Structure formats: C-alpha cells, structure tokens
Amino acid sequence: MQALVVGAGVGGLSAAIRLARKGASVRLVEASDRVGGLAAPFEVDGLRFDGGPYILLDRPGLDWAFRELGAELEASVTLLRLDEVYRVARLGGPPVAIHDSLDETAARLEERFPGSGARYRALIARVRAVYDDLVPLQRGPRPSALRLVRAGALRRAPFLLKSLGTVLRESGLPDEVCDALGIWTHIAGQPLDRAPSPLAFVPAIVHSEGAFTVQGGMGRVVAELHRMALDSGVVLELGRPVRRVRVARGRAVGVELADGEVLAADSVLSNAPGIGTYLELVRDLPLRAKRQLAGLPLQSPGVAAYLTVREARPGGFLDFRLPPTGWCRGLATPGAVDPEQAGRARLLGPVAHDWAERVGPSGQRAYLRALLNEPWWREVVSDAEIVQTRIPVEWGKRHFLYRDSMNPVMTAKFMRRGRLAHRSPFVRGLYLAGSATHPGQWVSFCAISGILAADELWEDACGGG
C-alpha cells in the first residue's frame, strides 16, 4: 500500500513513521526546506532558537505518542522539569505564580488572597478527577456521546458543556487567579467564556505529572522524529509544495505538485493546515462544507522577537503580562533552566487573526515595535539584543500557512462539535492530521493526531475502505 503524506510537521512525521512501521510504503513531501513545521528550530550566528509557539511539553501525551511509534521519550530526548512554571502579572499588580508544587502554589495564593489556597486545591482535585476519566478520549478519534459511554465517562458530559470561564468562576477564585489559570486561552486571543473546559486540566497536570521543557529546545523532538522517519524507510522530499489533491470518482488518488509533477498514491494523509487542505487543495468540495469551514475563527501565530540576553530572572521560564485592554504578552527565557539555551529569549505577542488580516504587514510590524518598546520584559532580562523578528505574514510565507493562521481557534463550540475528522467525510482515501483535528496546540497533540490519522488510514486500507 502506497501512502502519501503531505507536510512534515510533527503530525506528518508521526503519521509517516506509524504507517511505515505498519508496513506501508510511505512518501512524505514537505513544501519548505526543513522538517518540523511550526516546531522547527532555526539558527542565528550559531545560536539555535525554537521558532514556533511551542513552549511547554505535555509529557503524558508525548510519552504515549512515542511508545505508539516504538520508542521511549526519555531515551530520545532529555526532559527538564520546571519548578516555577510561569508567572502572570496584570499592569501595576504583583504576579500570580504557578509552581510545580501544589503546596507552594496554594500557599502563595493564600498569602495574597486569603481563602484561595483551599479553593485552589479543591479546583485541582475536581478537574483532575475529570481528566482521569476523559484522558482516553484524547487518544482516540473524534469525541462523541457514544465514546463517553464506552469510556464510562458519561457523567462528565455536563463538564464538557461548560466553558473554561464557567469552570474557573465556579471555583470562587479571584479574577487574577482565573486569568492566570486561563493564560493559554489568552494566548489564543479568545475570552475565557469561549474556551473549552478541558483547558482547566493544565494546572492539574502541572501539579501531578509536572511541566517540562526539552533540553536544547523543542527542536530536539523534531530531530528525533525526523531520524525515526528515515530509519523506518520513509521517503522524505523537501521543497515540494503541493498544488492540489487529485481526486478520481470521489477518492484521493495522489497529489499534483507546484511544479506540475503528479505523485500517485493509494491514500493521501494531509498534515497541511486542515481548513487549507479542503479549501485550497481539494476541488469540488460541497458548497455547504466550504461555507462552514471558511466560517471557522482562525488563530494567528502572532508576532515574535528572538533575543540574545546576558542574564534572565533566576528560576524563571515564562513571564506573561495582561494589560487592561488588548492581548497578553509573553517572554520565554529557557536559558534560566537550560544551560544549553543560555543567552536566548523569545518575546511573544499573540494577536487576533482578523485584526492581523485587516492591518496587514505594516500594522503587524507597528504592533511588534510597540511591544519591543514596552519596559516590562527588559526588567526580566538584561542587555537584550534583537536578532530576528516575525509577524503573521512572515509565518505564513515560511510555513505555507492557510491565511497566515496556525489553526482554527479551539473554542468550546468547536471542541464539542468534534473538530475536523481524521477520516475525510468528503473524499474517500483522504485523511487529516494536525492541531485542527485535536484539542490543543502542544507538540504532543500534533503527534497524537498523526498517529490517529495513520491508524484510520491503515484500518480502511486493510478493510478495503
């Protein structure tokens, strides 16, 4: 069986490895000149930087993915467990710090907000119990009421029908703490009341399995997947953008490259942006489907500046600022915990996708300049020098993104609807991997999505589907 995988991001690499180890002949084509997609690192003057939005590691999910691919995560990369995971500060106020230790986090919250320590512990215990019931659904195809029943977790349906904002407010914690716990929603540029409730799992995972980064950067995960793909016999071709997926009698039969070459295959698995796969690569999609897909809100990769620094706040790793209005800002200083990344930092500025499209490159650059002129981040690092910057339009060109977007915004509504299916409902023999098919943007979710898409492809191929 000849499988063709489009896109060598984390999801595409994982899918290719999975299929090759099951016995398929796998060809993987990537539009850019490097593997890894948004997780790909880059170098400036001999210093390696993590390029994309991935900062923290979901160890349980990536552990599972590596085992499914026939490897052990900790034998492949060195993990660094974080003590202070992140801090979130509002303008003019002291930061709320989330630590690895539940006891330390609760004690510090109690000092600042009397009564909050016990409320925080109760929230963590409650969402951890829900997480334990629902985690199997993260490692299977699209969630549904039937899958809840099969997992014995139907009683968790009311939780899934809530928003993250509702879950956090029910805890009775102050707004400052709720905002700190919902920082990953702020990064996506959406309010807490639109975000899915499972985002409340993050602090519960931090206080149990821990929060990790990778020694040397997230690019080490990409490098390991790249090695595994080649060792598995995957034929990898870089600099080969796809113009369209070829369909005959309702079935994907290969792809046409930008240079006009046609590559035939029994099945096609796309790790290109999910919406872009349908609206740009597949022809003759039903009009109703086109309208629904085009109407999904998109998440921008935001603006970023890559810095060399002399010193960073001791023990720090992530600092966020929430202004009274507008989007949050973030500063990652991995060198504070990883000697291999000493002297490097990354300033992150999430923006709304519709705003970025409206203002264009000039408005995006003006916003980045404004962030660079803010004083708060220079209080975290010293002697900072800017070595490279990126704005949404540059992300789009570098990574062949659909409308300069990362993926659909993971709203509560989108999650409950089931996300984009791995097995295309429109074209037989077409499968999708990537963050549009899974509830998150962590590296682990991308890897899991590739494995699930590959499994559905293989099941259909073996069953004659």
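The second largest pocket has a lining of 42 residues, and Asn271, Ala272, Pro273, His399 and Phe400 lie nearest its centre. The model is predicted: local features need pLDDT of at least 70 and side-chain atom pairs pLDDT 80 or more, while totals for chains, interfaces and linings use all residues. Residues are numbered from 1 along each chain as its sequence is written, and side-chain values use heavy atoms, without hydrogens and water.

**Pocket lining**
- Helix α13 (274-281) gives the most to this lining, with six residues.
- The lining divides into 23 nonpolar, 16 polar and three charged residues; Ala, Val, Leu, Ile, Met, Phe, Trp, Tyr, Cys and Pro count as nonpolar, Asp, Glu, Lys and Arg as charged, and the others as polar.

**Aromatic pairs**
- The whole structure holds 12 aromatic pairs (ring centres of Phe, Tyr or the six-membered ring of Trp within 6.5 Å; planes under 30 degrees apart are stacked, over 60 edge-to-face, the rest tilted).
- Phenylalanine 159 and phenylalanine 201 are stacked, at 5.6 Å centre to centre and 10 degrees between the planes.
- Phenylalanine 159 lies in helix α7 and phenylalanine 201 in helix α11, so this pair ties together parts 42 residues apart in sequence.
- Phenylalanine 159 is buried at 12% relative accessibility, and phenylalanine 201 is buried at 4% (buried is under 20% relative accessible area, exposed over 50%, partly exposed in between, with a 1.4 Å probe and protein chains only).
- Tyrosine 278 and phenylalanine 426 have ring centres 5.2 Å apart and planes at 85 degrees, so they are edge-to-face.
- Tyrosine 278 is buried at 3%, whereas phenylalanine 426 is partly exposed at 34%.

Definitions and conventions: 1 Å grid on protein atoms, 1.4 Å probe; cavity = no way out; pocket = protein on both sides within 12 Å on 5 of 7 lines; lining within 4 Å. Helix = DSSP H or I, 4+ residues; strand = E, 2+ residues; numbered from the N terminus.
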